Amino acid sequence: MKKISLIVSLAALIAISSALYNCAGPGDETGYADAAQKVYVAPGQYDEFYSFMSGGFNGQVSVYGLPSGRMFKSISVFSQNPETGYGYTPETTPMLETSYGMVPWDDAHHPELSQTDGIPDGRWLFINGNNTPRVARIDLRTFETAEILEIPNSAGNHGSPFVTMNTEYVIASTRFSLPIPQRDVAISSYKENFKGTLTFIRADNETGDMEIAFQILVPGFDYDLAHAGKGPSHGWAFFTSYNSEQANTLLEINASRNDKDFVAAVNWKKAEEYLKEGKGKRVKVDYTNNYYDEEEHQAHSEMRNEVTVIYPEDCPGLIYYLPTPKSPHGVDVDPSGEYIVAGGKLATVIPVHSFSKMLTAIENEEFEGDIDGIPILKYESVNAGEVENCGLGPLHTEFDGKGYAYTSAFISSEIVKWKIGTWEVVDRIPTYYSIGHLMIPGGDSKEPWGKYVVALNKITKDRYLPTGPELCQSAQLIDISGDKMKLLLDFPTVGEPHYAQAIPAEILMNNTKRFYELEKNKHPFKTGGEAEARAERTGSEIHIYMTASRTHFKPDNIEGVRVGDKVFFHVTNLEQDWDIPHGFAVKGALTSELLIMPGETKTLVWYPKKEGVFPFYCTDFCSALHQEMQGYIRVSPANSNAAVSYN
Amino acid sequence: MTKKERLIMTIASMILIGTFFFPIWKIDLQAPQYPEGIGLRIWVNKITGASKHDLDNINKLNHYIGMKEIKPESIPELSVMPFIIGFFIVTGLIAAFLKKKPLASGWLALFIITLIYGFYDYYLWGYDYGHNLNPNAPIKIPGMVYQPPLFGSKQLLNMLSVSLPGTGSFLIGVSIMLVLYVLFNNKFKRFQLR
């Protein structure tokens with residue numbers, strides 16, 4: 001009997017899948033006739049939106065245009081990039097310094113645009129490094145990483161970085177709880193020794209410079225994602241947590257037992273008051289703060305030694321737990337700031353909490369208990385509604401600003417559109433396949449530009465031409481301007497985009513920097529003009545002050561270098577015109593090439609190991625005589641007396 | 001000169017001060033890879049790019065064809081011209097002050113001769129830059145010269161070169177028209193009365 005029902009359900013599954021395949025699968029060409037027009041950006045025309053997608057395991061951020069899905073740039077953030085020299089040159093290696101040393105890779109998940117009054121303002125893009133906890137700030141004038149801050153007392157910096165309405169804070173939470181401070185304890189002593197932290201990073205309103213304002217020490221759950229409140233809920237931040245079971249092994253079973261875990265609601269304005277009262281405790285811990293000086297063309301890494309930690313048991317009213325089914329992943333606040341939507345990834349409904357109900361419940365002390373002094377509010381007292389029939393494995397929700405929410409469902413591989421207030425599902429569309437995050441331009445802000453939703457899928461299988469075992473990840477652009485969602489475009493993405501952000505092109509494009517002013521270049525090894533080009537020996541170090549301009553290096557012949565020397569090619573691009581970079585590569589370099597923007601100085605360190613004459617050349621096709629842009633460096637024996645010469 | 005003519009003569013002289021604030025001539029180069037445009041501005045006392053770094057960028061392009069670097073400091077006319085303009089402003093004002101029409105006629109004749117000579121001199125510079133090319137230039141095309149047009153447009157390899165008077169020249173034109181009015185307005189009146 002069991003066998004028969006299995007066969008029947010299998011048959012039904014096949015029938016349903018083939019029906020789905022037939023109505024919207026790759027074989028159906030007729031349904032996309034007008035989609036082509038909606039995503040076609042004519043030659044020489046611009047896309048409507050910039051989209052920033054995290055690179056996931058490639059550690060970078062990629063920039064795409066919407067609706068075309070064309071990729072413009074990969075921004076080097078947490079990973080070395082031999083294409084530009086990022087993370088290889090002495091100028092940029094300090095960006096990747098941590099308290100563990102130079103960590104040349106990270107796992108980048110959630111890009112977040114800075115906001116003013118709850119609206120993305122196009123100044124900066126923040127992104128988290130998951131593995132060795134860090135938050136980076138990208139300057140959207142240059143599309144380059146301007147700062148990286150290590151997050152101490154954290155592990156798996158997943159719930160990060162999310163901004164408050166005016167970018168007062170960039171918030172972060174630790175996915176892994178840890179012994180804090182770190183110490184040698186039995187892993188099985190998890191429940192007694194492990195704690196989590198919620199981190200509030202202050203970003204200077206003018207410069208964007210980040211510093212850790214405070215951390216809140218919380219019970220040892222897995223803090224997964226976050227979002228700040230807005231409008232009436234401005235002043236609060238919400239963090240999901242799972243593993244309230246506090247399991248330390250086989251979490252897939254042991255952390256999936258409780259029907260409900262928690263959304264932690266943190267009153268950060270209250271935290272500021274407690275800090276003023278001196279409730280924060282200075283705790284010793286090492287972490288780095290790295291920043292890039294745009295005029296020096298040089299990164300600096302500074303070690304910090306302490307953070308301020310707040311303990312909830314000393315600070316009543318600071319934090320409340322909202323029971324939330326089940327192992328919730330995303331937590332998203334609707335544009336009005338009233339509704340807090342949790343993606344209960346193992347739940348059969350999407351729970352929506354009400355901010356105003358929460359305030360009333362707090363006032364009336366409608367608690368069902370507490371954990372380490374943190375009151376647990378009653379589910380019924382805070383819950384505004386549940387979205388039923390929401391698909392399987394709901395993860396993340398974005399908003400269109402027109403009263404609807406869009407939730408990604410990983411297991412059922414679809415986007416579900418539902419109405420805020422009635423909690424009714426009004427539309428659904430399949431995604432190909434296994435959607436993680438989804439993104440509406442400004443969809444987590446106060447005023448979304450609700451024209452498209454982008455599905456960020458984990459699996460592509462048969463959607464593109466196959467490329468062996470490793471396939472691309474994929475994004476899908478869906479039109480949400482009408483009542484029914486309509487799939488417009490599939491496009492492959494590099495790395496594995498988790499979350500993304502998008503902003504109207506006109507907010508960014510006019511602020512873009514075209515080149516660096518040579519006269520403002522304060523690099524200590526700058527060569528201001530060809531007359532200053534030279535090579536100098538100091539002990540066993542050779543410093544070559546080299547210029548690059550169309551279409552030659554100066555000097556382009558260097559002699560008097562010995563085996564065992566350390567050679568620094570400090571190359572300054574003298575061009576002062578847009579889109580005239582020069583490249584620099586030398587035979588046998590153990591690092592990377594350089595890609596030098598106009599007005600910039602970069603350094604390649606080269607170790608001559610053999611006698612002989614070695615070529616160097618420009619790697620960026622700069623002009624008609626690019627192929628002539630080359631030179632030689634001569635290496636003499638270690639005991640040679642030849643003086644350094646050049647021309 | 002009547003009171004009105006005297007005033008107009010004063011304005012005609014003073015208007016020349018404007019040539020210190022606006023370029024006399026402009027050369028714009030058009031090519032597909034310069035959608036934002038690139039060009040030169042010739043002033044009474046200097047040569048600049050249409051935008052900040054254009055002069056350097058034009059020199060960089062010119063080195064491929066072996067054209068001499070355009071260095072404003074090596075063109076002596078640029079240090080003399082401000083004095084010549086100054087001379088005409090002062091003498092024009094003197095003519096107005098003395099109310100002498102013959103002085104104004106002489107002023108106008110000398111001014112026009114100077115302008116014609118200036119234009120000729122400008123042509124010679126253009127000729128020199130366009131013809132006197134470095135024999136070791138990377139790009140050599142037999143018979144090709146790169147003299148920009150004095151007025152109008154001309155295709156020079158991939159660049160369409162467009163040469164037109166700048167605001168400074170229009171001010172000079174207005175000044176000349178005003179002096180012509182001072183000299184000849186009563187003749188026109190008589191003509192009208194008849």
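The stops below cover confidence, the interface and then some backbone features of this predicted model.

**Confidence.** Select chain A and colour it by pLDDT: the mean is 95, and 95% of its residues reach 70 or more. Next, select residues 19–27 of chain A, where pLDDT stays under 50. Where pLDDT is low, the predicted coordinates should not be read in detail.

**The interface.** Select chain B together with chain A; 10 residues of chain B are in contact with 13 residues of chain A. About 990 Å² is buried between the two chains, and carbon and sulfur atoms contribute 47% of that area. On the chain B side, display His53(B), Lys60(B) and Tyr64(B), which lose the most area to chain A and together account for 49% of what that side buries.

Three salt bridges are counted between chain B and chain A. One to display is that of Lys52(B) with Glu519(A), whose closest N and O atoms are 3.2 Å apart. The chain B side that touches chain A consists of four nonpolar, three polar and three charged residues.

**Cis peptide bonds.** Move to Arg550(A) and Thr551(A), joined by a cis peptide bond with omega of about 0 degrees. Thr551(A) sits in the loop between strand 37 (541–549) and strand 38 (552–554) of chain A. Then select Lys554(A) and Pro555(A), where a cis peptide bond has omega of about -5 degrees; Pro555(A) belongs to the loop between strand 38 and strand 39 (557–562).

**Positive phi.** Finally, select Thr167(A), a non-glycine residue with a positive phi of about 55 degrees. Thr167(A) is buried, with a relative accessible area of 2%. Asn389(A) also has a positive phi, near 60 degrees, and is exposed at 57% relative accessible area.

Technical notes: Residues numbered from 1 in each chain as written. Chains lettered and ligands numbered in written order. Predicted model: local features only at pLDDT ≥ 70, side-chain atom pairs only at ≥ 80, totals over all residues. Heavy atoms only, no water. Contact = heavy atoms within 4.5 Å. Buried area = accessible area lost by both parts, 1.4 Å probe. Salt bridge = Lys/Arg side-chain N within 4 Å of Asp/Glu carboxyl O. Nonpolar A, V, L, I, M, F, W, Y, C, P; charged D, E, K, R; others polar. pLDDT = per-residue confidence, 0-100. Helix = DSSP H or I, 4+ residues; strand = E, 2+ residues; numbered from the N terminus. Buried < 20%, exposed > 50% of the residue type's maximum accessible area, 1.4 Å probe, protein only.
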